[in-house]
Amino acid sequence: VACTEFPCEPCAAEGFCVRAFPGIYRFDEVRVTMPSGDLFGEDWDVDSPPDPIVQINVGTLLARTLEATDDAAPIFTDPFDVNLGEDVTLRVLVSEADPVGDDFAFDCTIRLTEARIRQRELSCARDGGAFFARLRPFR
């Protein structure tokens, strides 16, 4: 497909490109800002900041970060790859890790369109928490 045609995702060779969907995308950076307290307004942990975990779902679990220990605004830098089909909605679920069971922090949804994918950044916010991710095509 000529790069001048819409929709177009990264050029495979000069003047040519491939469609954005379906495709494998690498999440290189995921950032989270935790709400100031849990759903009941209490501190996440009695004596330390929260331990966030992020899950990315499209119907089923696609990816999950490791736990960020004692960090209310972590940046997860371990990349993960996600296979995305056309016109999907990501559900981002952020929890606070606990030995007896993770505590829900917030969730939000992001509808992925070809235009949104081309921006290379995803974000959403809800209930005092925020999510941000950088992604790029991984072929």
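Strands are DSSP runs of E with at least two residues, helices are runs of H or I with at least four, and both are numbered from the N terminus. The model is predicted, so local features need pLDDT of at least 70 and side-chain atom pairs pLDDT 80 or more, while totals for chains, interfaces and linings use all residues. Residues are numbered from 1 along each chain as its sequence is written, and side-chain values use heavy atoms, without hydrogens and water.

Q: Where does W44 lie relative to the strands?
A: W44 is in the loop between β3 and β4.

Q: Why is W44 called buried?
A: Buried means under 20% relative accessible area, exposed over 50%, and partly exposed in between, with a 1.4 Å probe and protein chains only. W44 has 10%, and is therefore buried.

Q: What makes the pair of W44 and P35 a polar contact?
A: A polar contact is a pair of N or O atoms within 3.5 Å; within protein, one must be able to donate a hydrogen and the other to accept it, and residues adjacent in sequence count only if both atoms are side-chain atoms. A polar side-chain atom of W44 lies 2.9 Å from the backbone oxygen of P35.

Q: What is the nearest side chain of opposite charge to D51, and how far away is it?
A: Lys and Arg count as positive, Asp and Glu as negative, and His and the chain ends are not counted. A salt bridge needs a side-chain nitrogen of Lys or Arg within 4 Å of a carboxyl oxygen of Asp or Glu. For D51, the nearest such side chain is R64, 11 Å away, and the buried D51 has no salt bridge.

Q: Which backbone atom does the side chain of D51 reach?
A: The D51 side chain comes to 2.6 Å from the backbone nitrogen of D70.
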